[in-house]
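Look at the structure below.

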Amino acid sequence: MPKKPLRRHAHHVDKKLRFRLRLYSIISLVMLGIVLYEIFIKILPLMFATLGIFIGLFMGIISARMYHLSWNHDAKKIVSRLDVVGAIILVLYILFVIVRSKLIGFFVAAPMVGAVGFSITAGIMIGRVIGTRNAIIEILQERE
């Protein structure tokens with residue numbers, strides 16, 4: 001079954017969830033802009049930026065599972081809540097954020113650590129949007 005545009009069904013998605021998706025989209029665009037600027041001024045090689053974004057995408061799609069999405073029959077909307085698996089993913093994500101610079105520093109030179117960190121973070125935000133969007137579409141298709 002082909003995926004239907006999400007906009008047509010936006011009224012079935014909780015306002016908090018829509019706000020979170022918009023916020024992640026804006027943050028990812030800003031971060032991508034910073035990464036592109038870092039590539040343009042030759043601080044970050046394109047290969048490292050691309051690799052960072054792909055690593056971030058993978059991590060973002062996993063971290064999108066942080067919030068469990070479900071259909072609320074009373075409100076007729078998709079709502080999100082943090083469950084046990086989500087809490088574990090949240091703790092792991094926070095640990096990654098804390099050690100990110102040191103971890104990245106093992107693989108790249110010191111001047112590039114911040115730029116690679118931005119590319120990974122941009123990928124994470126994009127991955128979270130993609131993962132959440134796919135989960136929403138899946139729930140909406142089940143409702144049809």
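The count comes to two cavities of 30 Å³ or more. A cavity is a set of points, on a 1 Å grid over the protein atoms alone, where a 1.4 Å probe fits but cannot get out; a pocket is an open set with protein on both sides within 12 Å along at least five of seven lines. Grid points are joined across faces, edges and corners, and a volume is the space filled by probe spheres set on the points. This is a predicted model, in which local features need pLDDT of at least 70, side-chain atom pairs count only at pLDDT 80 or more, and totals for chains, interfaces and linings use all residues. Residues are numbered from 1 along each chain as its sequence is written, and side-chain values use heavy atoms, with hydrogens and water left out.

The table sets two spaces side by side.

| Space | Volume | Lining by kind |
|---|---|---|
| Largest cavity | About 70 Å³ | Six nonpolar, one polar, two charged residues |
| Second largest pocket | About 200 Å³ | 11 nonpolar, one polar, no charged residues |

Here Ala, Val, Leu, Ile, Met, Phe, Trp, Tyr, Cys and Pro count as nonpolar, Asp, Glu, Lys and Arg as charged, and the others, Gly among them, as polar. Lining residues have an atom within 4 Å of a point.

**The largest cavity.** Its lining is made of Leu17, Arg20, Leu21, Tyr24, Ala64, Tyr67, Leu69, Arg128 and Thr132. Helix 1 gives the largest share, four residues. Helices (H or I, at least four residues) and strands (E, at least two) are DSSP runs, numbered from the N terminus.

Thr132 sits in helix 4. Is Thr132 buried or exposed? Thr132 counts as buried because its relative accessibility is 9%. Buried means under 20% relative accessible area, exposed over 50%, and partly exposed in between (1.4 Å probe, protein chains only). Beyond its neighbours within four places in sequence, Thr132 is in contact (heavy atoms within 4.5 Å) with Leu17, Leu21, Ala64 and Leu69.

**The second largest pocket.** Among its lining residues are Phe48, Leu51, Ile55, Phe96, Ile104, Val108 and Val116. Helix 2, helix 3 (84-105) and helix 4 each supply at least two lining residues. Helix 2 gives the most, with five.

Strand 1 and strand 2 (residues 77-82) run antiparallel and are joined by six bridges. Two strands pair if DSSP finds at least two bridges between them. Trp71 stands opposite Ile78 in strand 2. Four residues separate the two strands of the hairpin, and Lys76 in the turn has a positive phi of about 55°.

**A loop residue.** Lys42 lies between helix 1 and helix 2 (46-63). Lys42 is not a glycine, yet has a positive phi of about 70°. Lys42 is exposed, with a relative accessible area of 72%.

**The core.** A nonpolar core is a set of buried Ala, Val, Leu, Ile, Met, Phe, Trp, Tyr and Cys residues joined through side-chain atoms within 4.5 Å. The largest one has 27 residues; Ile78, Val116 and Ile136 touch the most other members. Helix 1, strand 1, helix 3 and helix 4 each supply at least two residues of this core. Its largest share, 10 residues, comes from helix 4. Which residues does Val116 touch, not counting those up to four places away in sequence? They are Leu44, Phe48, Ile104 and Val108.
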